[in-house]
Amino acid sequence: MDTGVTDISLAVSPGECVLLCGPSGCGKTTLTRMVNGLIPHFYQGDFSGRVKVAGLSVADAPLHRIAGCVGSVFQNPRTQFFNVDTDGEMAFSLENAGVDPETICRKMARTTRDLNLEPLLGRSLFELSGGEKQKIAFASAYAFSPSIFVLDEPSANLDPDSIRTLKKYLALLKAQGKTIIIAEHRLYYLMGLADRIIYMDCGTIKARYSSDEFMAIPEKELASMGLRSRTPGAYPKSLFAPHNPKTQKKLVIESMSARYKKEPVIENISLTARSGQIIGLVGGNGAGKSTFIRTLAGLHKKERSRITWQGRPVSAKKRLAASYLVMQDTGFQLFAESVTRECMFGLKNPDTGLIKETLENLGLAPLGKRHPHTLSGGQKQRLAIAAAMACGKEILLFDEPTSGLDYGSMLRVRNLFYDLAARNKLIFVISHDYEFLGAVCSRIIRLHQGRIVKDYICPGTDF
């Protein structure tokens with residue numbers, strides 16, 4: 001979580017859309033949790049001052065009353081699910097509030113119609129893509145029809161099509177006169193929607209802008225503030241220089257296929273890659289990208305493939321030993337009691353010099369003694385990447401490594417990837433962050449319905 005906020009004074013008018021932006025760990029998430037009542041009712045700490053939402057004192061009102069006024073959508077929708085199916089999750093907030101069945105049915109029908117969710121009805125939440133889960137999380141809040149919506153990094157793990165859908169949802173809320181408070185690093189899709197932009201840093205509000213004032217800020221100044229671009233694709237192209245082929249190790253994948261239960265997820269994927277390459281994997285939510293890297297890492301049981309590394313066949317067990325996967329939800333792989341010890345976790349002879357250098361390069365050195373689960377989402381992401389750097393494995397696999405990262409942190413990760421490639425590591429990176437991919441990758445592979453549909457060389461390619 002964020003480190004906290006200090007001396008915050010902010011008033012939001014009914015029907016206003018307010019964007020909270022700033023570097024990772026600046027206090028955005030803490031501020032959203034003060035609005036929806038998670039602070040102080042769920043997250044404990046030193047709390048002073050007063051927060052009033054829809055006439056209620058957040059500190060004094062019971063959480064269920066606040067929930068009746070404020071709908072929340074988190075960065076990771078799984079953290080707010082209470083059911084195993086889509087219909088039950090959409091109806092949960094209404095059932096939990098004791099709404100009568102007839103009204104629930106009417107509100108469910110309206111939600112399904114307004115948000116175009118017919119294809120997601122009657123589905124298992126465990127079988128949905130990241131974008132589909134985010135739609136259900138939004139629908140659950142929408143069905144209750146609160147007057148205020150709080151969203152924390154809702155686009156972090158979404159593909160471009162899902163971000164366009166999210167933008168439509170937000171426009172619908174504005175048209176209905178709802179109040180929207182949204183914490184985001186990706187700014188471009190909110191331009192034209194946000195009425196006011198609040199820039200935060202070090203737990204305080206540093207600046208307040210109208211929409212026109214924010215649009216007038218030069219791009220270089222935005223970057224110096226740690227902010228992403230207002231225009232997708234505005235970042236510098238990759239500076240990556242491929243290695244001498246004589247020094248590279250060769251990975252050959254032939255006819256890789258994998259299933260989930262009885263359904264094929266990826267089919268007949270064949271490719272050749274070499275150490276020193278940074279390969280981006282793109283495609284819509286549910287295209288098979290995560291299954292591909294899990295299979296490559298030896299983690300998927302129902303797979304069929306022939307994979308060689310330096311001309312020698314490598315079994316799933318050997319691939320598991322040779323590779324390191326940084327998952328999309330890094331909370332599942334942070335185990336140690338401090339940031340520094342996390343980078344040493346499971347290593348017999350950790351390179352303390354490399355660990356210290358990596359933490360410094362990622363801006364985590366001052367947090368070395370902090371517990372990993374007290375970090376912000378972006379800081380956790382950088383820590384998982386630091387652990388990958390320290391592990392010494394030859395094949396490194398990243399699933400959305402820049403979700404929740406500001407501009408400066410994204411550049412730090414880019415430079416770290418360059419360093420890893422220079423150390424002759426083979427890197428596969430899944431991302432919907434085209435700004436990052438354009439700045440880091442030497443090659444892009446696009447997946448669709450479990451198959452490779454495009455494979456091309458960067459930089460300078462419009463992918």
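**View 1. Cysteines without disulfides.** A search of the whole structure finds zero disulfides, a disulfide being a pair of cysteine sulfur atoms within 2.5 Å. C69 is in no disulfide, and the nearest cysteine sulfur, that of C17, is 19 Å away. In general terms, such a bond is a covalent one between the sulfur atoms of two cysteines. C69 has 17% relative accessibility and counts as buried. Buried means under 20% relative accessible area, exposed means over 50%, and partly exposed lies in between (1.4 Å probe, protein chains only). C441 is also buried, at 0%. This is a predicted model, in which local features need pLDDT of at least 70, side-chain atom pairs count only at pLDDT 80 or more, and totals for chains, interfaces and linings use all residues. Residues are numbered from 1 along each chain as its sequence is written, and side-chain values use heavy atoms, with hydrogens and water left out.

**View 2. Salt bridge R230–E219.** A search of the whole structure finds 16 salt bridges. The criterion is a side-chain nitrogen of Lys or Arg within 4 Å of a carboxyl oxygen of Asp or Glu. In one of these, the side chains of R230 and E219 meet at 3.6 Å, N to O. R230 lies in the loop between α9 (219–224) and β9 (250–260), and E219 in helix α9, so the pair ties together parts that are 11 residues apart in sequence. Helices (H or I, at least four residues) and strands (E, at least two) are DSSP runs, numbered from the N terminus. R230 is buried, with a relative accessible area of 11%. E219 counts as partly exposed, at 34%.

**View 3. Salt bridge R443–D455.** The closest N and O atoms of R443 and D455 are 2.7 Å apart, in a salt bridge. R443 lies in strand β17 (residues 443–448) and D455 in strand β18 (residues 451–457), so this pair ties together parts that are 12 residues apart in sequence. R443 is buried, with a relative accessible area of 8%. D455 is partly exposed, at 37%. Salt bridges that share partners also join R228, D433 and E435 into one network.

**View 4. Salt bridge R341–E337.** R341 forms a salt bridge with E337. Their closest N and O atoms are 3.4 Å apart. R341 is partly exposed, with a relative accessible area of 49%.

**View 5. R196 and the backbone of A11.** R196 is found in strand β7 (residues 196–201). Its side chain reaches the backbone oxygen of A11 at 2.7 Å. R196 counts as buried, at 18% relative accessibility.

**View 6. Helix α1 and the residues after it.** Helix α1 (residues 28–35) is largely enclosed by the rest of the structure, because eight of its eight residues are buried. Among them are K28 and R33, along with L31, M34 and V35. G37 follows α1, with a positive phi near 90°. I39 and P40 are joined by a cis peptide bond, with omega about 15°. P40 lies in helix α2 (residues 38–41).

**View 7. Helix α14.** Helix α14 (residues 377–390) has 14 residues. From its first C-alpha to its last, α14 reaches 20 Å, close to the 20 Å expected at 1.5 Å a residue. That expected span is 1.5 Å times one less than the number of residues. α14 is mostly covered, with 13 of its 14 residues buried. G392 follows α14 and has a positive phi, near 80°.

**View 8. Positive phi outside glycine.** C202 is not a glycine, yet its phi is positive, about 55°. C202 lies in the loop between β7 and β8 (204–210). C202 is exposed, with a relative accessible area of 63%. N268 is not a glycine either, and its phi is positive, about 50°. N268 lies in strand β10 (residues 263–274). N268 counts as partly exposed, at 44% relative accessibility.

**View 9. A nonpolar surface patch.** V84, F126 and Y260 make a nonpolar surface patch of about 330 Å². Patches are made of residues with over 30% relative accessible area and no salt bridge; like charges are joined within 9 Å, nonpolar side chains (Val, Leu, Ile, Met, Phe, Trp, Tyr) within 5 Å. Accessible areas come from the Shrake-Rupley method with a 1.4 Å probe; for residues, only the protein chains shown count as cover. V84 is in the loop between β4 (70–73) and α4 (86–96).

Methods:
Polar contact = N/O pair within 3.5 Å; in protein donor to acceptor, adjacent residues only side chain to side chain.
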